[in-house]
Amino acid sequence: PKDDEIKFVAANYVAQTRGEHDINVAFSNADYSVLAWKTTTNETHMAMEDVQVLQNNEIQGGGTYYWPNDYGLDFAAVSPHGDERIDLVRTGGNTTIKFTFDGSSSKQTDNTTNLMFADKAYYKYDYSTGGEQPVALKFRHVLAKLKAVVKQAAPDMAVTGVTGYEIKVNSLKMVNIKSEGSLTIDLDETNVGKTDKTWEDATTPTTTDTWTIINTQTSILSADYEYNTDFYVMPQVIGDATKLVFDYDVVTTFDGGGTSTK
């Protein structure tokens, strides 16, 4: 029956690592892939690729699938759809998801995409009751989100003869961000509430990443500057090698209108 089509709702959930999260915020990526197997087996029931998320978490695309009437389904979902850093494997009736940054340029050029996976979900449809029974996909973040805000603070004490200051940011970047490592998720485990899922650094890393936040002169005078794109990185310890490189001018305006730039 048409009423027995498999449907989904998706939302952000408690963070798996320390990526920012809010359980009251709707699913934030553009799309995801969701697969289902006959429970405890490797028999594929559905592979819904490139599920587009619309308003109110409705879905569109990826094909149409219906509930089986004699067995339950194990669901697994990852986001975004088709990202080469995500490898989903079903073996022995269990699902494993591996996220990998390997230093190759193709996997490091997109620093604005958040990687996510949903908790294991098991559903068996009750045909006797009918009606819709959407599968709830609770997605966890596996990357850390960075955002830059630059602001100017007035001096504690005003300097005689000075009417104001302007900061001109010429460039701002973060260098030596680790960009090689992996994270393996076993969906057969109970991931709810767990905080010990950590990324493993590559044994012999060869590359690091640079995040260029500002590359044109930007005036920070009366309003804060906020970089308008979220930047996602492999969660990592920030050591001495990782630095924030900040190039700026200070323009001082004096009584009478004269200025000095340092």
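Two strands are taken to pair if DSSP finds at least two bridges between them. In this predicted model, four strands form an open sheet in the order E6-E7-E14-E15, with antiparallel pairing. The edges of the sheet are strand E6 (86-91) and strand E15 (200-201), each of which pairs on one side only. Strands E6 and E7 (residues 94-102) are joined in the antiparallel sense over six bridges, and within this pairing Leu 88 stands opposite Ile 97 of E7. Strands of a sheet pair in general through backbone hydrogen bonds, in either a parallel or an antiparallel arrangement.

Four salt bridges are counted in the model. One of them is formed by the side chains of Asp 74 and Arg 90, with an N to O distance of 3.0 Å. Asp 74 belongs to strand E5 and Arg 90 to strand E6, so this contact ties together parts that are 16 residues apart in sequence. Asp 74 has a relative accessibility of 4% and therefore counts as buried. Arg 90, at a relative accessible area of 14%, is buried as well.

A salt bridge is also found between Asp 119 and Arg 140, whose closest N and O atoms are 2.6 Å apart. This pair links distant parts of the chain, 21 residues apart: Asp 119 is in the loop between strand E8 (116-118) and strand E9 (121-123), whereas Arg 140 is in strand E10 (residues 135-141). Both Asp 119 and Arg 140 are buried.

A further salt bridge connects the side chains of Lys 178 and Asp 201 (3.0 Å, N to O). Lys 178 lies in strand E13 and Asp 201 in strand E15, so parts that are 23 residues apart in sequence are tied together. Lys 178 is partly exposed, with a relative accessible area of 35%; Asp 201 is likewise partly exposed, at 42%.

Most residues other than glycine have a negative phi, and most peptide bonds are trans. Thr 40, which is not a glycine, has a positive phi of about 65°. Thr 40 occupies the loop between strand E2 (31-38) and strand E3 (44-53), and its relative accessibility of 61% classes it as exposed. Asn 176 also has a positive phi, near 60°, but is located in strand E13 (residues 162-178). With 32% relative accessibility, Asn 176 counts as partly exposed. The peptide bond between Ser 79 and Pro 80 is cis, with omega about 0°. Pro 80 is part of the loop between strand E5 (73-79) and E6.

Note on methods: Residues are numbered from 1 along each chain as its sequence is written. This is a predicted model: local features need pLDDT of at least 70, side-chain atom pairs count only at pLDDT 80 or more; totals for chains, interfaces and linings use all residues. Side-chain values use heavy atoms; hydrogens and water are left out. Helices (H or I, at least four residues) and strands (E, at least two) are DSSP runs, numbered from the N terminus. Buried means under 20% relative accessible area, exposed over 50%, partly exposed in between (1.4 Å probe, protein chains only).
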